[in-house]
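Please look at the sequence and the model shown below, and keep both at hand while reading this report.

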Amino acid sequence: MKSRLCPQPIRFKFIFRRNPNFFRAATLLFKIFRENRHRTSLVMAPKQPNTGLFVGLNKGHVVTKKELAPHPSDRKGKSSKRVHFVRNIIREVAGFAPYEKRITELLKVGKDKRALKVAKRKLGTHKRAKKKREEMSSVLRKIRSGGVGEKKK
């Protein structure tokens, strides 16, 4: 990686090899940012109001914040009551897919890691697999707590 000011390429691996504490600190920071992506309060401090001066930390003209109308994109990812209801009915009628049944069997035996691997293979990403494994384990918990009496009848 070359820059105009420094004609020689910058070697990041060299910096990491020479200073392991720097590498540890960088990895720790990346881990904190990754875990708290959705929490803006942890990552960024609230912005201070402008002072009206043209120099300093909070420089800038003092203005009143304009209230904006809510956008439909603000609701993205939030499932409505109707969608939730329909999905629950479909789950009751259709049941589980074969790979979901296999995941539940693995979770019953206690092989959580193998269940995660099966889910990852079927769903494609680690994040989706973790979510599916959690969903299946919650289904198992519900069956064990409330559904046990129904099966014996």
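## How helix packing is described

Axes are lines fitted to C-alpha atoms, for helices over the stretch in contact, and the angle between two of them runs from 0 to 180 degrees between their N-to-C directions. The model discussed here is predicted, and every value below has been computed from it.

## Helices H5 and H7

With that description in mind, the axes of helix H5, which covers residues 98-109, and helix H7 come within 10 Å and cross at roughly 65°. Because angles from 65 to 115 degrees count as roughly perpendicular, H5 is roughly perpendicular to H7. The crossing in which H5 passes H7 is right-handed.

On the side of H5, the residues that meet H7 are Tyr-99, Glu-100, Ile-103, Thr-104, Leu-107 and Lys-108, while H7 contributes Lys-132, Arg-133, Met-136, Ser-137, Leu-140 and Arg-144. Sorted by class, this contact of H5 with H7 has 5 nonpolar, 2 polar and 5 charged residues.

## Helices H6 and H7

Helix H6 spans residues 112-123 and helix H7 spans residues 126-145, and these two helices pack at an angle of about 125° with their axes 8 Å apart. H6 and H7 are therefore oblique to each other, and H6 passes H7 in a crossing that is right-handed.

Here Asp-112, Lys-113, Leu-116, Ala-119, Lys-120 and Leu-123 of H6 meet His-126, Arg-128, Ala-129, Lys-130, Lys-132 and Arg-133 of H7. The contact of H6 with H7 includes 7 charged residues, together with 4 nonpolar residues and 1 polar residue.

## Helices H5 and H6

The pair H5 and H6 packs at an angle of about 165°, and the axes of these helices are 8 Å apart. Since angles over 145 degrees count as roughly antiparallel, H5 and H6 are described as roughly antiparallel to each other. H5 passes H6 in a left-handed crossing.

From H5 the contact draws on Tyr-99, Arg-102, Ile-103, Leu-106 and Leu-107, and from H6 it draws on Asp-112, Arg-114, Ala-115, Val-118, Ala-119, Lys-122 and Leu-123. The residues of this contact between H5 and H6 divide into 8 nonpolar and 4 charged, with no polar residue.

## The largest pocket

Rolling a probe the size of a water molecule over the atoms shows where empty space is left. In this model the largest pocket has a volume of about 670 Å³. It is lined by 17 residues, and those that lie nearest its centre are Arg-87, Asn-88, Arg-91, Glu-135 and Val-139.

Which helices supply at least two residues each to the lining of the largest pocket? They are helix H4, covering 81-94, and H7, and the largest share of the lining, 8 residues, comes from H7. By class, the lining of the largest pocket has 8 charged, 5 polar and 4 nonpolar residues.

## Lys-59 in its loop

Lys-59 lies in the loop between helix H3, which covers 40-43, and H4. If its neighbours within four places in sequence are left aside, Lys-59 is in contact with Asn-50, Thr-51, Leu-53 and Phe-54. The C-alpha atoms of Lys-59 and Gln-48 are separated by 9.9 Å, and these two residues are 11 residues apart along the chain.

Notes
Residues are numbered from 1 along each chain as its sequence is written. This is a predicted model: local features need pLDDT of at least 70, side-chain atom pairs count only at pLDDT 80 or more; totals for chains, interfaces and linings use all residues. Side-chain values use heavy atoms; hydrogens and water are left out. Helices (H or I, at least four residues) and strands (E, at least two) are DSSP runs, numbered from the N terminus. Angles under 35 degrees count as roughly parallel, over 145 as roughly antiparallel, 65 to 115 as roughly perpendicular and the rest as oblique. A crossing is left-handed if the near helix is turned anticlockwise from the far one by less than a right angle, and right-handed if clockwise. Contact means heavy atoms within 4.5 Å. Ala, Val, Leu, Ile, Met, Phe, Trp, Tyr, Cys and Pro count as nonpolar, Asp, Glu, Lys and Arg as charged, and the others, Gly among them, as polar. On a 1 Å grid over the protein atoms alone, a cavity is a set of points where a 1.4 Å probe fits but cannot get out, and a pocket is an open set with protein on both sides within 12 Å along at least five of seven lines; lining residues have an atom within 4 Å of a point. Grid points are joined across faces, edges and corners, and a volume is the space filled by probe spheres set on the points.
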